[in-house]
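Good morning, and thank you for the time on today's agenda.

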Amino acid sequence: MLTATDICVSLSGTPVLNGLDFRAEPGQITAIVGPNGSGKTTLLRAMTQELPYEGEVRLGGDDIAHIPGWDLAARRAVLPQASRIAFPFTVLEIVRFGMMACADPPPPTRASEALERVGLAGFEGRFYQELSGGEQQRVQLARVLTQVWDPVGPEGPRWLFLDEPVSSLDIGHQLEVMGLMADYAAAGGGVVAVMHDLNLTAMFAGSVAMLVQGRLEAQGPARHVLTDRILSAAYGCRVQVGVAPDGDIPFVLPQAASAPGG
Amino acid sequence: MLAGLTVLLLVISAISLTVGASGANLWTALVQILRGEQIGLQESVILFDIRLPRLVMGILVGAALAVSGAVMQGLFRNPLADPGLVGVSAGAGLGAISAIVLGGLLPLAMREGLGYYTVPVAAFLGGWFTTILLYRLSTSRGRTSVAVMLLGGIALAALTGALSGILIYMANDAQLRDLTFWGLGSLAGATWEKVLVAGPLIVLALAATPFLARALNGLALGEAAAAHLGIPVQRMKNIAILTVAAAVGAAVAVSGGIGFIGIVVPHLLRLMIGPDHRYLLPNAALLGASLLILADMISRSIIAPAELPIGIVTATLGGPFFLWILLRNRSLLDL
């Protein structure tokens, strides 16, 4: 269980998050959605200690401020939004960096296995700098995966914190990566992801947190959060949510939305 | 690779011992020593009191410069960072010059306590202060700006250079003699005393690098990502800065400002064996030592019996090489 209580973050004097509460359970994907500038990434970065915050973040009951770095590294891995690397490392080298944090030495084939999971089998010897943005993103995801490979460790569920993991991917790889996240959660791990795509969120997330202007507007199952009323208010445009015929998964078509006043 | 570079270093070292202004047949002498035979007094003096300390100092200084370059590039996450280019050597030089010119003002107890170590310790402090200042200047919120680093380095080098100039004006004749070799850098005047003075600091710095390698690899992903891998980022950055300052300070204290080794060696090695710091750092020590001894041989023999300052040799070879690196890495310079 991940709980963030009364989180406040200011960036250069401007408050971005004001006393926000957020929670995520292992066993499902928890998506953080909201309009640009609503504080999604800031919340993720506060919960992973990349930004100084006020409030309390607990992972499996322990205050993360008091967990030593090496211990945290064994329990959670973090995927940044975009990563540029100055030196000509190969894909294999980058993925292997994830194993630095492993308590027990993983089998040598682990890195290749992770690359296969993200659809990059055979990319081991390529230079990271020469890959496309989407490929780089998936290499980083493979690195993050090797860090917390088993979704449940001796100390409890492990966590993936992902900042827009599918934003630069094509639809095929989006589904592949979302499926990978769902598998990780189904095996008992925790997954917290900042998402832009509401349809993928509705399809895969067990819990959706809607942020608006640094506050948590709503959190719950997709069909409770992704509604006409909440989305229209949050995004400042009229949104009509449909429901797929074979279930209760909501979907949003931009064609069915209209700009304010339109 | 490590084995190959060790052999290279041994071969270059052996050649270096026998090349020079003296006409004595030192190859024969070397062979005699290996066979356990006695050698003549003249050969013995040249080998053990002149060539050998110079060789050992060359190895120490070359290893120090190459490794501190590699560590600094890892710390700044940029292949263009080099202690000579961004003012760390200049800062260390200012420290050394201050110690020579103003050392008399220190309390007697301190002067006697430090003894021979006054100059290297002052150089270390100068290099340390400059490195910290530069890192603070160019890094905000965990992001290091290349533009600020390079331009800030130029500003720091100019400032420390100016302060050094003032001190040189204040120096008396005896001090001036001590100071002259700094301008261009040289291994001439190497003595066992100097080796003993610079050696411990450099060996200490080199001994720290195996502990840094993993952290520098992690830092290549960015500071936040390194922290998420469980690396104690702040502590490792402090150790890296101390290592650079100790190695550069000691090297500058005994040999002046020898440029470009710190940028050429790591870059060549990244092309050959890749950027993994666990292999890069020990290989950089070996290749740096070999290259500096080679440069020293050139400087001793090109206008023999006179000697060209080694800084001129490394700059002649390193300058164009640096331009080539710059052009290859144009994308990293986006301001």
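Which residue in E10(A) is the bridge partner of A:Ile29? The bridge partner is A:Val191. Please bear in mind throughout that we are looking at a predicted model.

Let me stay with that pairing for a moment. A:Ile29 brings us to strand E3 of chain A, residues 29–33, and E3(A) pairs with E10(A) in the parallel sense over four bridges. E10(A) itself spans residues 190–194 of chain A. Another parallel pairing of E10(A) is with strand E9 of chain A, residues 159–163, and here five bridges join the two strands. In that pairing, A:Asp163 has A:Val194 as its bridge partner in E10(A).

Is E10(A) mostly covered or mostly open? E10(A) is mostly covered, with five of its five residues buried. In a regular strand, side chains alternate between the two faces of the sheet. In E10(A), A:Gly190, A:Val192 and A:Val194 point one way, while A:Val191 and A:Ala193 point the other way, and all are buried.

I now turn to the sheet as a whole. Six strands of chain A form an open sheet in the order E6-E9-E10-E3-E11-E12, with mixed pairing. Its edge strands are E6, residues 76–79, and E12, residues 215–220, each of which pairs on one side only. From one strand to the next, the twist averages 15°. Helix H5 of chain A, residues 133–147, lies across E6 and E9 of chain A and runs at about 175° to E6(A).

Chain A also holds an open sheet of four strands, in the order E2-E1-E4-E5, with antiparallel pairing. Why is one side of E2 and of E5 left without a neighbour in this sheet? Strand E2 (14–24) and strand E5 (62–63) of chain A stand at the edges and each has a single partner strand, so one side of each has no neighbour in the sheet. Elsewhere in this sheet, E1(A), residues 2–11, and E4(A), residues 54–59, run antiparallel and are joined by five bridges.

Next, the contact between the chains. Here 21 residues of chain B are in contact with 20 residues of chain A. On the chain B side, helix H9 (192–219) and helix H10 (223–228) each supply at least two residues. H10(B) gives the most, with four residues. By class, this side of chain B has 10 nonpolar, seven polar and four charged residues.

Leaving aside neighbours within four places in sequence, B:Ala64 is in contact with residues including B:Ile202, B:Ala205, B:Ala247 and B:Ala251.

Methods. Residues are numbered from 1 along each chain as its sequence is written. Chains are lettered from A and ligands numbered from 1 in the order in which they are written. This is a predicted model: local features need pLDDT of at least 70, side-chain atom pairs count only at pLDDT 80 or more; totals for chains, interfaces and linings use all residues. Two residues are in contact if their C-beta atoms, placed from the backbone, lie within 7 Å. A residue is buried if 20 or more other C-beta atoms lie within 10 Å of its own, exposed if 12 or fewer, and partly exposed in between; C-beta atoms are placed from the backbone. Two strands pair if DSSP finds at least two bridges between them. Ala, Val, Leu, Ile, Met, Phe, Trp, Tyr, Cys and Pro count as nonpolar, Asp, Glu, Lys and Arg as charged, and the others, Gly among them, as polar. Axes are lines fitted to C-alpha atoms, for helices over the stretch in contact, and angles run from 0 to 180 degrees between N-to-C directions.
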